[in-house]
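Please look over the model shown here.

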Amino acid sequence: MIKKRKRNRILPCMMLLISLAGFCFFYLIPFLLSFSYSVMDNPVSGKFCGMLNYKALFQNVYFLRGIKNTAWFMAVSIPLNVVLSLCAAIVVRKMKAHSNYFSLVFLIPLAIPSATSAFFWENFFGLHGTLNRFLWIFRVEDIDWLESSYGMAVMVIIFIWKNVGYNMALFISGLGSIPEEYYECADVEGAGRLWKFRNITYVYLTPITFLVLIMTFVNSFKVFKEIYIMTGEYPPDSLYVLQHYMNNMFLSLNYSKLVSATYILTIVIVLFVVCIFRAERKLSEDLHY
Amino acid sequence: MGVRQKGNKMKKVRAMKRKVLYVLLIVMAVVYMMPLIITFTNSFMGSSEVENNYSTGSLGADEYVDMDVVPKKATLSQYASLLFDSPVYLHMFWNSVKLVAPIVLGQILVSAPAAYAFTVLRFRGKEGLFFLYIIVMLLPLQVTLMPNYIVADWMGITDSCLAIILPGIFNPLGVFLLRQFMKSMPDAYIEAAMVDGAGHGRIFLWVVLPMVKHGIAAVAMLTLLDYWNLVDQAVIFIQDSEAQPLSVFLAKINSGELGIAFAGSCFYALPVLLVLLYGQEYLKNGIAITGLKG
């Protein structure tokens, strides 16, 4: 019996090993090996210099600006995106017969080439852009929205525009999995709308909300592509995110700084994921008991 | 009678509310589609009209870009020059296909079995290993670019689309999403098949795969959408401009041939739009409804 179970494991182990081998070879091992760059003074004829690169980073204006803007951007855009996509999912589901058309509309930004949407937004928010043309009616002074202190807001808008659709799709599937009877029972008991949302919808959506959070986090780094196409390597201060810093370090072959920055970011991400997992474990325990 | 009247009134209010919601949603939809609408209609403008509308160089204060919805004179000239005047664009389109197809296919072939293994195997450190997958999945492109470059250097493929394809195939996203999906599948199915004497190979192929086919479609779509629009990796790993995917060319339109930019965008977006149109059901159903933890 035991022998049989052992033999049974061979195939799944092989299945895992293929993926694991690629994962280690293309991501994990080079990532760990690259650590050596971060403790050398230069990548070519490097001498060990300890934590000097890390120390220098925390005094680097650009790195600090990147960290600050990235943190702000995520703190605003991730929760906003989650809330808006939940609203969109609830409303779109109400449109029973037409819900497919509406959800397609929200998914369309995913299919538009980044360059195309960047071009559109640039001409919309630019100094001679359509937004200013519209505001001119109210005699509002022309400004370049990307260059102004509203730059961050523009970035959030573009991010939301692009990513509400996919999260909405996730929420629609989550809402669809809640048995209709729960709501009917609540109706019979005369429960109010808010009560139903808090005690049924919110509770049963908790697991998928975590998935949405993780996916939003992944996608929040990708808004860089549009910003980069619009404003290039040296954007206005308010748009300078961590990815700009890393990208510029990569292009200027400054691997020591690049790798130090990536290690710092990775630590932050690990902490974030640990928090998410803790929170989920706690909430799902509350759900079951 | 009073109750009935009240009921009617409520029905009316509800219908009214519904209409308002409908209108609001339609307005939102139009706003949402604006970039697509503009791109589509402007692709029928002649190239001189496009240059006229969008060149900002000569604009003074209180003069604006003309983001017109309707072309002054509709013409197919953009499409004609895109498709017939020079083979470059079609060639670049084909480059995109050659780059993305192996990634999507490989991603599925690698992640589906791995997700299955994560579901059925029990070993110490499994959750820790999966945690590593999640971390790498969350790292932004700018972080993984350096490891990718190091490996490409080892393999001597720094100037080749293989440097994009191979890491793309092993991107942990597929394993993550498919494992979430397999978790939501009742264990009883696998156990029953085992009791009947089926091995893992048969269980995977005949029990699990049919159940997660929507999830697989969803992962394929997400991978496609992501890599179809790739820009950064191609700029770094493909030096030969002839071998670039069309997405890179589109990213350069701002400085170059604005005249055919819109037709190029439509042309490039069409395949993914079709995939979305026919596959949005998979995106909605092919998603785990369970949480992160097993």
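**Confidence, domains and contacts**

Two residues are in contact if their C-beta atoms, placed from the backbone, lie within 7 Å. This is a predicted model, in which local features need pLDDT of at least 70 and side-chain atom pairs count only at pLDDT 80 or more, while totals for chains, interfaces and linings use all residues. Residues are numbered from 1 along each chain as its sequence is written, and chains are lettered from A and ligands numbered from 1 in the order in which they are written. Chain B has an average pLDDT of 85, and 92% of its residues score at least 70. For the complex, the predictor gives an ipTM of 0.89 and a pTM of 0.89.

Chain B is divided into domain 1 (2-79) and domain 2 (88-285), with bounds that come from an automatic or database domain assignment. Taken over C-alpha atoms, the centres of domain 1 and domain 2 of chain B are 33 Å apart. Ten residues from domain 1 of chain B and seven residues from domain 2 of chain B take part in their contact. On the domain 1 side, the elements that give two or more residues are α1 (2-42), α2 (47-54) and α3 (77-85) of chain B. Helices (H or I, at least four residues) are DSSP runs, numbered from the N terminus. The largest share of that side, four residues, comes from α2(B). By class, the domain 1 side has four nonpolar, five polar and one charged residue; Ala, Val, Leu, Ile, Met, Phe, Trp, Tyr, Cys and Pro count as nonpolar, Asp, Glu, Lys and Arg as charged, and the others, Gly among them, as polar.

Two packed helices are described by the angle between their axes and the distance between the axes. Here axes are lines fitted to C-alpha atoms, for helices over the stretch in contact, and angles run from 0 to 180 degrees between N-to-C directions. In chain B, α11 (residues 213-228) and α14 (residues 261-285) pack at about 140°, with axes 8 Å apart. That angle makes α11(B) oblique to α14(B); angles under 35 degrees count as roughly parallel, over 145 as roughly antiparallel, 65 to 115 as roughly perpendicular and the rest as oblique. The contact includes B:M221 and B:W228 of α11(B) and B:G279 and B:Y282 of α14(B). Its residues are ten nonpolar, three polar and no charged.

What does α14(B) pack against in chain A? Its partner is helix α5 (residues 99-107) of chain A, at an angle of about 120° and with the axes 10 Å apart. The two helices, α5(A) and α14(B), are therefore oblique to each other. A:S103, A:L104 and A:L107 of α5(A) make the contact with B:L276, B:L277 and B:Q280 of α14(B). By class, four of these residues are nonpolar, two are polar and none is charged.

The whole contact between the chains takes 79 residues from chain A and 84 residues from chain B. On the chain A side, the largest share, 18 residues, comes from helix α1 (residues 2-33) of chain A. The chain A side divides into 50 nonpolar, 22 polar and seven charged residues.

Conventions: pLDDT = per-residue confidence, 0-100.
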